[in-house]
Structures are given as structure tokens and as C-alpha cells.
Amino acid sequence: MDGKPETRFKLFHYRDAVPLSDIIPILENLGARTVEEHPYELRMDGRQIWIHDFVLKIFDDPDQSATHLQKNFEEAFVEIWFDRKEND
């Protein structure tokens, strides 16, 4: 496509699947373009668990290692998801 490598991002959620319209704006504001999403439903010990498996392309080429980028991306997503930071 555009030559940028793809990366995976997984979101685990209890009970219900999360609407894509709740997730994709956060991913985009963190500099990622959502290429694909694969939802999986698991039932364990009477509980329903959803795994949203995203294929992403990062907009900018970071000047940092993949491990550092992953840590920062995950921390930022969690902060936004739990309304501790603005999604902008």
C-alpha cells in the first residue's frame, strides 16, 4: 500500500464488544490508521470477553524503538480510554 509497516493492537473488554466509533478516533489521534479489525468473543467461567484485534499503520516514522513506541502508545490509549486525558 504505502510501504509503512503494519502493527497490531489488541483491546480486551469484558461483557460487550466495544463499538468501533469509540475506539477508532482514539487510535487516529494517537497517530494510527486502522486498516482492519477482527473481533473475537470468548466465554470463560461464565464470563464473556471480547478481543478486538486491530491492524494499524502508524502515520509518522518515529525516532524511537518499537518497544518504546509500544509503551507510549499503550499508556496514552489507557489514559484516554479512562478519561484521564483528552482525546485530541
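Colleague: Where is Leu27 found in this model?

Modeller: In this predicted model, Leu27 is found in helix H1, which covers residues 20–29.

Colleague: Why is Leu27 called buried?

Modeller: Buried means under 20% relative accessible area. Leu27 has 0%, so Leu27 counts as buried.

Colleague: Which residues does Leu27 touch, leaving out those up to four places away in sequence?

Modeller: Leu27 touches Phe9, Ala32, Thr34, Phe54, Leu56, Phe73 and Phe77. Take Phe73: Leu27 and Phe73 are 46 residues apart in sequence, with 9.0 Å from C-alpha to C-alpha.

Colleague: Now to His52. Where does His52 lie, and why is His52 called buried?

Modeller: His52 lies in strand E3, residues 47–58. Its relative accessibility is 2%; the cut-off for buried is under 20%, so His52 counts as buried.

Colleague: What makes the pair His52 and Glu37 a polar contact?

Modeller: Their side chains are joined at 2.7 Å, and the limit for such a pair of N or O atoms is within 3.5 Å. The side chain of His52 also has a polar atom 3.0 Å from the backbone nitrogen of Val18. Beyond its neighbours within four places in sequence, His52 is in contact with several residues, including Phe9, Ile23 and Pro39.

Definitions and conventions
Residues are numbered from 1 along each chain as its sequence is written. This is a predicted model: local features need pLDDT of at least 70, side-chain atom pairs count only at pLDDT 80 or more; totals for chains, interfaces and linings use all residues. Side-chain values use heavy atoms; hydrogens and water are left out. Helices (H or I, at least four residues) and strands (E, at least two) are DSSP runs, numbered from the N terminus. Buried means under 20% relative accessible area, exposed over 50%, partly exposed in between (1.4 Å probe, protein chains only). A polar contact is a pair of N or O atoms within 3.5 Å; within protein, one must be able to donate a hydrogen and the other to accept it, and residues adjacent in sequence count only if both atoms are side-chain atoms. Contact means heavy atoms within 4.5 Å.
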